[in-house]
Amino acid sequence: MRNMSDIIEAYLKQKIAESHNERVEIKRAQIAEKFDCVPSQLNYVIKTRFTNELGYIVESKRGGGGYIRITKIETHNKADYLEHILSLIGNKLSQTNAQHLIQSMYDAEVITYNEARIMDRIILRETLLIELPERDILRAHIMRNVIEAILYEE
C-alpha cells in the first residue's frame, strides 16, 4: 500500500496534468483536510517531490489568502529545458540532486532509459572515488559536460 506522501504526490501531479497550463494552485489547509493529514506532511511532499531538479517551480504565499502554486517546467522545447537544467547545476552537485536531475530529464523524455542508467552510474559516489567536496565538484563538472553534449547534439 502506498503511504500518504505518495498519495498526495499522485493527487497533485494529476491536478497538474489536468490543468491547461501545467500549474496547480492549492491552499495548504484544504489539502491537509482533504487527506486528513497535518500541513507539515504537505510541506514535506512539496519540498521533496516538487523540486527544481525534478522539473517543478514552487511559489508560496503565507497568510489567510495564502496559496502554494506548483508549475511543471515546460519541456516542449528540449534545448530550453536542458538550458534550465544546466542553470540548476552550481559548482557542486550532490549525488541526490544529480539523480533528481537525471530522473527529471528521463521523465521529460529528453534522455532514454539507457542514457539515464549510464548517467546514474557515472555520478555515484562509488564511481567517483574521491573525498568531499571534490567529489561534488567533479560530479557537477561531469553532469554539465554530459548535458552540454546532449544539448549540442541537437
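The accessible surface of the protein chain comes to about 9300 Å² (Shrake-Rupley method, 1.4 Å probe). Carbon and sulfur atoms account for 48% of that surface. The model is predicted: local features need pLDDT of at least 70, side-chain atom pairs count only at pLDDT 80 or more, and totals for chains, interfaces and linings use all residues. Residues are numbered from 1 along each chain as its sequence is written, and side-chain values use heavy atoms, with hydrogens and water left out.

The chain has 154 residues, and 38% of them count as buried (under 20% relative accessible area, 1.4 Å probe, protein chains only). Its C-alpha trace spans about 45 × 35 × 30 Å along the principal axes. There are 7 helices and 3 strands (DSSP runs, numbered from the N terminus; helices are H or I of at least four residues, strands E of at least two). Their order along the sequence is α-β-α-α-β-β-α-α-α-α.

Helix H5 covers residues 95-107, 13 residues in total. From its first C-alpha to its last it reaches 18 Å, close to the 18 Å expected at 1.5 Å a residue (1.5 Å times one less than the number of residues). Its buried residues are Gln 95, Ala 98, Leu 101, Ile 102, Ser 104 and Met 105. An α-helix has 3.6 residues a turn, so residues three or four places apart point the same way. The cover over the buried residues of H5 includes helices H4 (78-88), H6 (113-122) and H7 (134-153). After H5 comes Glu 109, with a positive phi near 60°.

Key
Buried means under 20% relative accessible area, exposed over 50%, partly exposed in between (1.4 Å probe, protein chains only). Contact means heavy atoms within 4.5 Å.
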